[in-house]
Amino acid sequence: MTKPLLFALLTLAAAPILLPIAGMSINVGLLVSVGGVIGFLSGLLGVGGGFLMTPILMMIGIPPTVAAASDTNAIVATSASGVAAHFRLNNVDLKIGCVCLIGGLSGSYFGVHVIKVLRALGNADLLISLMYVVVLVGVGSFTVRDSIKKLRRGVMAARARPPASHTSSLLARLPLQMDFPRSGVRHSVLVPFALCLLVGLMTAVMGVGGGFIMVPMMVYLLRMPAHVAVGTDLFQILFTCMGTTLMQAASNHTVDLVLALLIAAGSTVGAQLGARVSRHLRGEQLLIVLGLLALAVGLRMAVGVAWTPSNLLAAGGGHAALRSVTHGAVTARAGAFTGWYLWR
Amino acid sequence: MCGFLRYILFGSVLLGRAGFAFGQADASPTIGLSPEKVEMGAFYNGVRLHIEGTVPADAGVLVALRGAARDEVFNKKGRVGPIWANTDKVQISGPPSLLLRFSSEEVHALLNRRNIDAYVLDEAAVRHTMRIRTKTGEPDAVYRKLIQDSYLQLKKEDGNYRKVSDRVQIAPQGGLAHYSLAFTWPKTAPPGSYQVEVYACRNGEVVAHGTAVLPVVEVGFPAFLANLAHSHPAGYGLIAVLMAVFAGFGIDAVASRLRPRKRTIRLHEQPRKAVAGQARATSAGGEPSP
């Protein structure tokens, strides 16, 4: 019984499949494997994986607009799987999650308009690329340095909350103070809202889910436990990506359901494995991995913007865009929400 | 009378020459495609395309497949200090979206430069068809060449511009010649109508020219999804979101069933709620809830 099933699975993995919106044929196994690796990182670190998945899909030939939109749809599946796993582990702070969701969505809304202004001013891509390098390298190096310091200090020191700083006492004086029992912190509602608004704005401009920024912010600024930060961030990512997928499908027609489901098939399983492995790692270890990942992507981007490109022209849309024109549809670039142009 | 006879003689000679010429006129090549239509089904992976037919005897054969010309917009990268950034938007119109060229021998041995340009059959000819507009309008000659080189490189890397000599086989068949060609249709070519053009060439000139259309269409489930995405975008988006959510929760449900259950030791001395709370905190690997 097992052998025929294995044979069927291997045959399916080796089979090519036509992606209806991308309009191209691709190997099933390749897409599932890519999804699996990114999903593993997603479950392990609480990041949506968009900042890795979109460039990888583009590298294997998916048109950028379709890659970005379908990736967002796949993140819905991955984060749904991750959220369910983290819910069972009681790692989701619903109270902070809801505040963050409102802040994040508001930030995304403003971010879309910021992009329009940046584009009108010209050289938006350059500005955003530099923003990426600065944020990723900054967040990555800070996270790695701090986590290593904590690990060196030992388990007890690592588990102890950082002492209240001058900033903390200032934040404590803000109105609308509220207890967040799951995270064991007390903050003004305005603090997580403002942070998530800022992150939402940055992520809309930079075109990613924002987990790699949000998790360190939750840990270092909101002083939430690392595991709860991961679960709560996934909760927020789930809803943000649901909204983005709907908007992409409605206005740009670039969501490829087949592509998204194949990536999701790999990434949901990967996310489960990631969530299980994360239980065997300490928060600081998770943050080191996340920090190193952010550093690697940031440095890769830095090299990417400094290295002479193999071709001075970068395609902008592929035939999915052509198809949109044919159908008389709106051909606004997906970049407003996804920032795919950064990766070319 | 003598003059009249001379006219008749001259006329008959002219007619005779014309008749000879008509007898020599080259018939249009026939084109047979197998398959006649490329159907992109769910498990489409490109197809092996056979093209065959007849051309006038002693003619070289050149087969070109073209995609419709369309406007394409590119970002042009340039150096800004130490980094490369998108510094210009370039709109290119005119060249075919796909150009596959196969011939019985080297194209320059079959056609002269004038004909190659007229029928757009090589890179130099494609360059002439390119209309380039930048943010600032028409580019200068140097910038134009840079964009043309980059565009052609991009197309060749995508597999959309390809040329192969000696691929077309020719064999005599009656008073004509039978040609045949087999190649793999690029799986990345999008749906649309592609022109198949067959040129019979002799002494640097095109002596006969035939055209056929190769439709590339999506069929079955991919066609259904593509139509749904364009005709009911909001509904399609909702389906995409719901399927992704169900897939995520479904995988989680399966994974949680497969996960081995932990053995718990009941401590009767302590209230059940406190034990459950402790176990949960331990399994989460983090601090217990306050």
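1. In chain A, which has 344 residues, buried residues make up 58% of the total. The structure described here is a predicted model, and every value in this note should be read with that in mind. Chain A contains 15 helices and five strands. Among the contacts in chain A with a separation of 6 or more, 78% are between residues 24 or more positions apart.

2. On the meeting of the two chains, 65 residues of chain A are in contact with 67 residues of chain B. The area buried between chain A and chain B comes to about 5800 Å², and carbon and sulfur atoms give 62% of that area. Which three residues supply more of the area that chain A buries against chain B than any other three? They are A:Leu18, A:Leu312 and A:Leu313, and together they supply 13% of the area on the chain A side.

3. A search of the whole structure for disulfides, taken over all chains, finds one. This disulfide joins A:Cys100 to A:Cys196, with a distance of 2.4 Å from S to S. The pair links distant parts of the chain, since A:Cys100 lies in helix H5 (residues 94-121) of chain A while A:Cys196 lies in helix H9 (residues 190-206) of chain A, 96 residues apart.

4. Are the two partners, A:Cys100 and A:Cys196, buried or exposed? A:Cys100 counts as buried because its relative accessibility is 0%, and A:Cys196 is likewise buried, with a relative accessible area of 1%. A:Cys98, by contrast, is in no disulfide, and the nearest cysteine sulfur to its own, that of A:Cys100, is 9.5 Å away. With a relative accessibility of 39%, A:Cys98 counts as partly exposed. In chain B, B:Cys201 is buried, its relative accessible area being 3%.

5. The next point concerns a pair of packed helices. Two packed helices are described by the angle between their axes and by the distance between those axes. In chain A, the axes of helix H2 (residues 28-45) and helix H12 (residues 257-279) come within 5 Å and cross at roughly 35°. The crossing in which H2(A) passes H12(A) is right-handed. On the side of H2(A), the residues that make the contact include A:Gly35, A:Gly36, A:Gly39 and A:Gly43, and on the side of H12(A) they include A:Gly266, A:Gly270 and A:Gly274. By class, the contact of H2(A) with H12(A) has twelve nonpolar and nine polar residues, and no charged ones.

6. Two positions in chain B complete the picture. B:Ser193 is placed in strand S12 (residues 192-202) of chain B. Leaving aside its neighbours within four places in sequence, B:Ser193 is in contact with B:Val213, B:Leu214 and B:Pro215. B:Ser193 and B:Gly67 are 126 residues apart in sequence, yet their C-alpha atoms are 7.1 Å apart in space.

7. B:Thr129 counts as partly exposed because its relative accessibility is 21%, and the cut-off for buried is under 20%. Not counting residues up to four places away in sequence, B:Thr129 touches B:Ser93, B:Gly94, B:Pro95 and B:Val120. The C-alpha atoms of B:Thr129 and B:Ala69 are separated by 9.9 Å, although the two residues are 60 residues apart along the chain.

Key: Residues are numbered from 1 along each chain as its sequence is written. Chains are lettered from A and ligands numbered from 1 in the order in which they are written. This is a predicted model: local features need pLDDT of at least 70, side-chain atom pairs count only at pLDDT 80 or more; totals for chains, interfaces and linings use all residues. Side-chain values use heavy atoms; hydrogens and water are left out. Helices (H or I, at least four residues) and strands (E, at least two) are DSSP runs, numbered from the N terminus. Contact means heavy atoms within 4.5 Å. A disulfide is a pair of cysteine sulfur atoms within 2.5 Å. Buried means under 20% relative accessible area, exposed over 50%, partly exposed in between (1.4 Å probe, protein chains only). Axes are lines fitted to C-alpha atoms, for helices over the stretch in contact, and angles run from 0 to 180 degrees between N-to-C directions. A crossing is left-handed if the near helix is turned anticlockwise from the far one by less than a right angle, and right-handed if clockwise. Ala, Val, Leu, Ile, Met, Phe, Trp, Tyr, Cys and Pro count as nonpolar, Asp, Glu, Lys and Arg as charged, and the others, Gly among them, as polar. Buried area is the accessible area (1.4 Å probe) that two parts lose on being put together, summed over both.
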